[in-house]
Amino acid sequence: MDEAGGVQVVLATHLMADEEFTVIGGAPRQRLPARGPLEGLEPAVRERALAWERHIREVETGCAELDGRGRAEYDPTVRSMAEREAAKGRLMILNRRHDGTARRGLIVSGPPTTGKTTALQQLGRAFHLAERRRRGSESDEGRLPVAFVAVPPAATPKMLVSEFARFLGLPVAARMNQAQITDAVVGTLRDLGTGLVLVDDIHLLDTRTRAGAETSDQMKYLSERVGATFVYAGVAVEDSPLLTGIRGAQLAGRFKLLSNPPLPYGSREQQAAWRGLLDGMEDALRLEQHRAGSLGRMAGYLHTRTGGRIGSLSALIREAAITAILDGTEKITKKQLEAVQLDHLAEQDTRPPAEQAGSGPSRTAA
């Protein structure tokens, strides 16, 4: 009532916000601490609460982020609050239905030494840096955005999950069974907020064998339990036993295949990309007498020598750099590169048979 005894209608939010508002017979009002309602909570609890903030902001203002850009279905100028809430509700229902299944992933496939492992490492690095920018550098504490393992030869489910445990630094006792190790790995990955799992040498899994089939099932189980995106890499995966049979069909239905062939050197764009790769490697060199651009001037020769394979190129540059340090020249020369014997595949593809036997003329720069 007002001072004259009349009845007034007041919004409940205004009423409860008034400092003098109390519920007769109720408990005293609890004041929020000055430091904020989320301070003092466990980090994981606080993070889950903050994850809802962008959704609430999007429904109320139309923009999930603070950059002012929004999506049409949340535009408050054309959508009512009820419509915006319904749009968000549909999204949440879809996400909940997705929780019980593995996310779609990626398979990187290509010939040996074409840089598949390097591609995985660069992907992991980019994802980690993106997470740091999104959350802040202090978010690294207690978090592991990326996990990386390689499939061991003749892998069994227990061997594979033990590789994850080893990467995470979890103790694995001899008496622990597969289920116990799996629970420990899944729990740790979830607690650390891992969002990207990289698995190398996936071609070693043969789903036609019992061990390979069970290990493939283990991988599917992990992807469903952890809730991260899985990216595999392997040699000629599309032609390997991994994608055969029922289990192979399951993988093929959930993973995109990205071909990673040797880098070509035909067009100007391809040559520029190859030189860009050489420039990046040259920037990493710490040789006192090496001149910038020296590798770029040998771009054609280096492509011919390595067949465009990143792994072979990396090994060639690394060994030449070590030689330059040991002989005191502190620079990479054509002569040093010629003296390096590369992997058998690269030597077979780029060296004439007579030269492989040591009786032919030396190579000339392309």
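**Exercise 1.** Which residues in α7 meet which residues in α8?

*Solution.* A word on the ground rules: this is a predicted model, where local features need pLDDT of at least 70, side-chain atom pairs count only at pLDDT 80 or more, and totals for chains, interfaces and linings use all residues. Residues are numbered from 1 along each chain as its sequence is written, and side-chain values use heavy atoms, with hydrogens and water left out.

Step 1: find the helices (DSSP runs of H or I, at least four residues; strands are E, at least two; both numbered from the N terminus). Helix α7 covers residues 210-226, and helix α8 covers residues 245-254.

Step 2: list the contacts (heavy atoms within 4.5 Å). From α7 come Ala 213, Ser 216, Asp 217, Lys 220 and Ser 223; they meet Arg 247, Gln 250, Leu 251 and Arg 254 of α8.

Step 3: sort them, with Ala, Val, Leu, Ile, Met, Phe, Trp, Tyr, Cys and Pro as nonpolar, Asp, Glu, Lys and Arg as charged, and the others, Gly among them, as polar. You get two nonpolar, three polar and four charged residues.

**Exercise 2.** Work out the strand order of the open sheet, and which strands stand at the edges.

*Solution.* Step 1: strands pair if DSSP finds at least two bridges between them. The five strands run β2-β3-β4-β1-β5, with parallel pairing.

Step 2: check the ends. β2 (146-150) and β5 (255-259) each have a single partner strand, so one side of each lacks a neighbour in the sheet.

Step 3: zoom in on one pair. β1 (residues 105-110) and β4 (residues 229-235) share five bridges, and Leu 106 has Val 231 in β4 as its bridge partner.

Conventions:
Axes fitted to C-alpha atoms, helices over the stretch in contact; angles between N-to-C directions.
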